[in-house]
Every structure is written in structure tokens, then in C-alpha cells.
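Morning, everyone. Please look at the sequence and the structure while I talk.

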Amino acid sequence: MTLPTELIHRVEEALDEEEKEVLAFLCRDVAVDLLPSNARDLLAALSERGQLSFLGLAELLYRVRRFDLLKRVLRMDRVVLETHLRRHPGLVSNYRVLMMEIGEDLDKSDMSALTFLMRDYTGRGKTVKHKSFLELVIELEKLNLIAPDQLDLLEKCLKNIHRLDLKTKIEKYKQSAKEAQTGYLNSLQASFPNLSLTDLSRNLRLQNGRSKGQGLEIHHQKPTKMSVQESGVFLPQYMPVERYRMQSRPLGICLIIDCIGNVADGLRDTFSSLGFEVQCFLCLPVKDMIQVLHQVASSPRHQGRDSFVCVLVSRGDPHRVFGVGPAHLGLPLEQVRTMFTGDACPSLIGKPKLFFIQSYMVSETEPGTSSFLEVDGPASTSVASVEPQPLPHTLHREADVLWSQCMAHACLLEQPGASPSLYLQGLSQQLLQDRKHPLLDLHVELNRRVYDWNSMVPAQQRYSLSLQHTLRKVLILSST
């Protein structure tokens, strides 16, 4: 699916010329036959050819460190994107990110000295002065003097201009690439201890489609590309992925408390089909919600189960749910979480605990209005001009917790024929259609759906989605 032209325009319009140059450099590996005149045409061409997805655009903004656009324009959670990039090959190679980071660390005197040293290789007769390090890299690539596996010349020149810190960065990159390849081969060799390296290499070629002969099916841990940390330290490109155990029958208790009354049936069907024991409660006041939560937290049935899910749907604010009836002080969401920590619920230690919260924002003293801060703007009390405030980033520290909270204005519930939560509808669809995919990846797609919706509706009908987690392994809500 191609990206909306309006989205590409908004992104391109917000970038400065230097950021556009970096973006074009990062895309060179996928745009080898394109000659666009500007960044907008480049992004549009890649999108039309199916080479630039929503996630790819998000990665580019992440690489050029425009986290404001990542959040404001794409409605993408930075933590979710980083998690995705650690587990899946991205649009941009580690080599291009390395070159970008080296360029950021060079000052004018460094560039002058580096360009001078390169004259022996680029040609002494050239009088054109390179405006940037990335332009120099492109020239060297055209002359086949630099490549992802050919960085000795650059190392030598960096050493000569006394930038040993950048030379060390290249050495770390080369070492991580070497370890990644070695680790990949070792993992395969462990699966086939009787194969020689020659046989192993041959079977790798068979697996990668480089031979038409009869191949040997190789079972091993699939390689996972890792992103480059913002610190500049390169992580191994391939490393084993550990998954949470999801084999018990049922997988665990799924507690649904729906104080709005229009989503419980769909959620019950979804989590039942995934293999959970679903316990559903409708339209509870706060005191009854607390009682139900305590009962479930102390249930002996967590023993022998592999996970726990809690879904809360209620009017509230970013920190509390109000249930039905008078709001009073509400039930703090932090209290909900602490009921299922390792201290309070030892039978869930080491098991994923998933919380999905749909909060319909109201003011405790003036139901139906909002007192939240407008995104990138001043305080406002007009429902038509505000967006829900993001969830605090200190909500939980307990391991193995995923906390996904979606906020929307309570006025959505007052519209004729009000439909169930877009967030929970999307969650149900993703879990049913892509149950064999990691849950964090599904949340990325959920972010996209919310963004698409928000781009078409007025402010009072928008959703704000926030994800925090302390998961230590890959979580797939399927035992097959």
C-alpha cells in the first residue's frame, strides 16, 4: 500500500536541507536507479514501487533524529519502533547509519583534512570541494573505494587526522559484523554437528536460493537484524531470540471489565479463540472493580498458566478509571498494576502480564469536558481542540509487563450509534489475523491504524495510544 501523498508532504515540509540530504543518503541502497530532484519525489517514488512502507518512513525519521515528527505526524511510539527495529531488518543498513554518525562527528577542519588526504584516490585534478562527508562517501563508493565491507581506507585517513574515536567506531562495526557472521554459522553448525564448513556453506547457498540443486532443510534460529543504538555502539546483527512459553491450556486468565458495555462480546470471542480462560464483568462501580481484581489476582488458577491478560474499558483520566456511578476518586491504574506484581502475585513471576486499557477522558468535577494539555500547544478546556495527554513514562518497573493504554474523549460515547473503541476493535482484528506474529509488532500496526483514523477526523474524535513494557522476551500469543 502506497503512503498518502499528504503524509509525505508533511514530512518533507518539516525537514531542513541537511536532514533531506541525510535521508537521501540513507535511502541509496534502495534507490539505486532513481534520480529524484528532491526528498519528496524520492519518498513518493519509493512508496509507489512498494519499497517504502509506513514503518520505513518511521525508521527514516528515527535515523535523522526527528522524534518530534515520529510522534506528531506518524503518531508512532518511539519505544515500539526501537523494539521493532531490534527484531526485524530495517530499511537502512548499519553501514549507512555508521557513515551518517561519522559525518555528524566531523567538524570543518576534519573535513578539510579528510578531503585533502583523499585526493590521492579521488584524483588530484578535481577542484570540486565536497560540502559534506556524505557527499565524499558517495564519491568514494562510485570509485569502489569504500563499501560496507571495505572501510580500511577510511580508517587510515581518520587515523591520520587524529580522529581515533571514529576509527574505533568503524572497528566496532567491523567486529560486530564479523561476530554476527560467526555466530550465525556456529548456530547452524550446532544444528548439524557432522557437517563440515564446506558442506555448511553449500547448504547455506541452497537455503538462500543460490543453487538449483536439491537442498537440505536447515532448522535454526532465524537471524534477526539489530538496529544501531543512538549512542553509536553497534549491536550484533544476528542473535538468538528467546520467546515466552505459551503452551499451557488455557494460556491464562483474561479478565475483561467493560464499564461502557459495547466491547465485551467481541473481546471475549477474541481471547477465547486464542486459548484464554475469559472472565467478563460489565458496568461495575469502583468498589466492585477492586473486589474483582483482588479475587482474580489471588486466584490459584494462575499456577500452571503461562500468562495473564487484563482489559479495562471505562471513563476516567490518564491515571484512573471511574467505573459506573459517581466518580469520586476513581481507581488508580497504578493500583491495578501492583495487584499483579511478583510480590503480590507470585504465581505470575516470570510470566507476561498484559494490560489493555481504553480510557474515555472526562473531568472528575465536570463530566463531558476535558482539562488536558493540547499537543504542542497551550492549555485548553475546549473539547474540540484538545488531544489526550500521553501516559506517564514511570508507570511500571516490574518485569514482564506490557501496558497499552488508549485515550479518547468521552464525547465519542455520546454520539448516536456510537461504535466500539477503534483501538480495541483493531486489537481484536490484529490478534485474530496475525496471532503468530510478536505482540509488539502487532502494536506497531495498531499505531498505524490509529494514525490513519486520526488523519481523517476532527480532534475530538481522535485516539491517543501509548505503550510501555518491560518484556524480556518475544511474546507471541499462539502456541503453534
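Let me start with a definition. A cavity is a set of points, on a 1 Å grid over the protein atoms alone, where a 1.4 Å probe fits but cannot get out; lining residues have an atom within 4 Å of a point. Grid points are joined across faces, edges and corners, and a volume is the space filled by probe spheres set on the points. By this rule there are 2 cavities of 30 Å³ or more.

Before going on, the ground rules. This is a predicted model: local features need pLDDT of at least 70, side-chain atom pairs count only at pLDDT 80 or more, and totals for chains, interfaces and linings use all residues. Residues are numbered from 1 along each chain as its sequence is written, and side-chain values use heavy atoms, leaving out hydrogens and water.

Back to the holes. The second largest cavity has a volume of about 30 Å³. Its lining includes Arg87, Pro438 and Leu475. That lining has 6 nonpolar residues, no polar ones and 2 charged ones. Here Ala, Val, Leu, Ile, Met, Phe, Trp, Tyr, Cys and Pro count as nonpolar, Asp, Glu, Lys and Arg as charged, and the others, Gly among them, as polar.

Now the whole chain. It has 18 helices and 8 strands. These are DSSP runs, numbered from the N terminus: helices are H or I, at least four residues, and strands are E, at least two. Of the 480 residues, 50% are buried, meaning under 20% relative accessible area with a 1.4 Å probe, protein chains only.

Next, the core. A nonpolar core is a set of buried Ala, Val, Leu, Ile, Met, Phe, Trp, Tyr and Cys residues joined through side-chain atoms within 4.5 Å. The largest has 102 residues, and Leu74, Met99, Phe133, Phe271 and Phe356 touch the most other members. Helix 18, residues 439-454, gives the most to this core: 7 residues. Another core of 26 residues lies apart from it, with Met289 and Phe340 among them.

Which residues of helix 6 are buried? Val80, Leu81, Glu82, Thr83, His84 and Leu85. They pack against helix 4, helix 5, helix 18 and strand 8.

Last, Arg96, in helix 7. Why does Arg96 count as buried? Because its relative accessibility is 4%. Its side chain makes a polar contact of 3.0 Å with that of Asp29. A polar contact is a pair of N or O atoms within 3.5 Å; within protein, one must be able to donate a hydrogen and the other to accept it, and residues adjacent in sequence count only if both atoms are side-chain atoms.

Technical notes: Contact = heavy atoms within 4.5 Å. 1 Å grid on protein atoms, 1.4 Å probe; cavity = no way out; pocket = protein on both sides within 12 Å on 5 of 7 lines; lining within 4 Å.
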